Amino acid sequence: MGQSILTDIKNAAKKSLKARHNELADTHRQMDILNGGLFANGELPYFKDKIAQTGQFPLKPKKLEILQINVGYMCNQVCEHCHVDAGPDRKEIMTRDTMELCLEVIRNTGAHTLDLTGGAPEMNPDFRWFVEEASKAGIQDFIVRSNLTIILANKKYHDLPEFFKKHNVHVVSSMPHYTKGKTDKQRGDGVFDKSIQALQKLNEVGYGMPNSDLRLDLVYNPSGAFLPSDQSAMERDFKKALKADFGIEFHNLFAITNLPISRFLDYLIASDNYEDYMYALVEAYNPAAVENVMCTNTISVSWDGWLYDCDFNQMLDLKVASKVKHIKEYNEDVLNDRSIVISQHCYGCTAGAGSSCQGTVA
Amino acid sequence: MADSYYDPADLRKFGNITEWSEELGTKFFDYYGKVFEEGALSAREKSLIALAVAHVVKCPYCIDAYTKDGLQRGITKEEMMEAVHAGAAIESGATLVHGVMMMNKYNKLSM
């Protein structure tokens, strides 16, 4: 693989696929790739056939535990692996009207976890109002997925650690590696130093400290065309290095597999790693991970109120297969009766120990 | 027969050796799997040893597999290269220490 190709990808990645009019910004094109090639010619089994072998098709939801709301695709970063294709040029932002509809659902849901994501959710102009209102609903675990650098991006975000603390928000942040080189390669130049500073600020107000109720977890995504390894061993290495080098404390590390969609799919194809990666995912298929895959206990809501089985299906525009498709007609009983929409990207959540927004599942 | 002796796609077929000798193949893979589990040495340390040995025995499949394994375990490129040097140093040292044999023989034969 030529280094120049990777340099081209890196330079181009300063904008979203959408802004670059890249063909992979079209979800139909992504689905054609995921359904074609190795799978169409029979080299690898379709996900549907694979789970049917163990009697797990159709995939059905269990009890709803997590309500994940994507408040917009705008982000201050343009990470190479981003499955959302987020960036400063994305203008899809949840309005206060849609947030009101979400709040109604949050007040009545049986889910114990509320999970706000983006883009950088903090960039939504109504983010703080939404967090204040949502925190009144008494949800057991209220997660905000923060990219860390946003805390330092502008003066108006500097007090976010105190704001999170005030509302007892559980902060989950991405950190691809405990070294600068690997982190900056995936997430952009300077991201590592800013992330370290942001983690130190979170530690200062009590986040991530041993025995602290202010939860701070990190998310590890591999920075390249390979799968994550054992989550507990990675956590041990991250804790040791971040403590020794920067005095940083955190609670848990979630290892998340990169799914072959959006910008990561673009990277896989451009670097000639797509076929090997799909082989690796299928070879690492684990039926036990299917049993607990996150779409069985999660509903994902998009910035414009549509409902999906997970954040990945949202990005592929695969809406829930239910009569209820939008937050304005939300009904948990009707939704729980659906079958989950699957395709070949789902192998990403069933490889090895499995992968979810909360880390491994098997 | 393929056009070259080594085909990257053959690495995926490694498990197939069991088809022609199930008992020995199964015993080998059980042993192999056990060796690389966490033990007195961490799986991470064993991955680096495997990478060093892969270079010494010059096995392209093993280099492919243990470079990827190292990346998966968060091992840095600096650590990987040091492991390769450790292997190379032992390999070159093993050659050079035979220089003593040469010196012994030279001295014995010389007046």
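Reader: Thanks! Is the crossing of α2(B) and α3(B) left-handed or right-handed?
Author: Left-handed: that is how α2(B) passes α3(B). Keep in mind that this is a predicted model.
Reader: Got it. At what angle do those two helices of chain B pack?
Author: Helix α2, residues 43–56 of chain B, packs against helix α3, residues 60–72 of chain B, at about 155 degrees, and their axes are 9 Å apart. Angles over 145 degrees count as roughly antiparallel, so α2(B) is roughly antiparallel to α3(B).
Reader: Nice. Which residues make the contact?
Author: From α2(B) they include Leu48(B), Leu51(B) and Ala54(B). Among those on α3(B) are Ile63(B), Tyr66(B) and Gly70(B). The residues of this contact divide into 7 nonpolar, 4 polar and 1 charged.
Reader: Zooming out, how many helices and strands does chain B have?
Author: Chain B has 5 helices and 0 strands.
Reader: And is chain B compact or spread out?
Author: Its radius of gyration is 19 Å, well over the 13 Å that the globule rule gives for 111 residues, so chain B is more spread out than a compact globule. The C-alpha trace of chain B spans about 60 × 35 × 30 Å along its principal axes. As for burial, 14% of the 111 residues of chain B count as buried.
Reader: New topic! How many residues does each chain bring to the contact between A and B?
Author: Chain A gives 12 residues and chain B gives 9 residues. On the chain A side, the largest share, 3 residues, comes from helix α11 (residues 231–246) of chain A.

Notes:
Residues numbered from 1 in each chain as written. Chains lettered and ligands numbered in written order. Predicted model: local features only at pLDDT ≥ 70, side-chain atom pairs only at ≥ 80, totals over all residues. Axes fitted to C-alpha atoms, helices over the stretch in contact; angles between N-to-C directions. Helix = DSSP H or I, 4+ residues; strand = E, 2+ residues; numbered from the N terminus. Parallel < 35°, antiparallel > 145°, perpendicular 65-115°, else oblique. Left-handed = near helix turned anticlockwise from the far one by under 90°. Contact = placed C-beta atoms within 7 Å. Nonpolar A, V, L, I, M, F, W, Y, C, P; charged D, E, K, R; others polar. Rg over C-alpha atoms; globule rule 2.2 N^0.38 Å. Buried ≥ 20, exposed ≤ 12 C-beta atoms within 10 Å, placed from the backbone.
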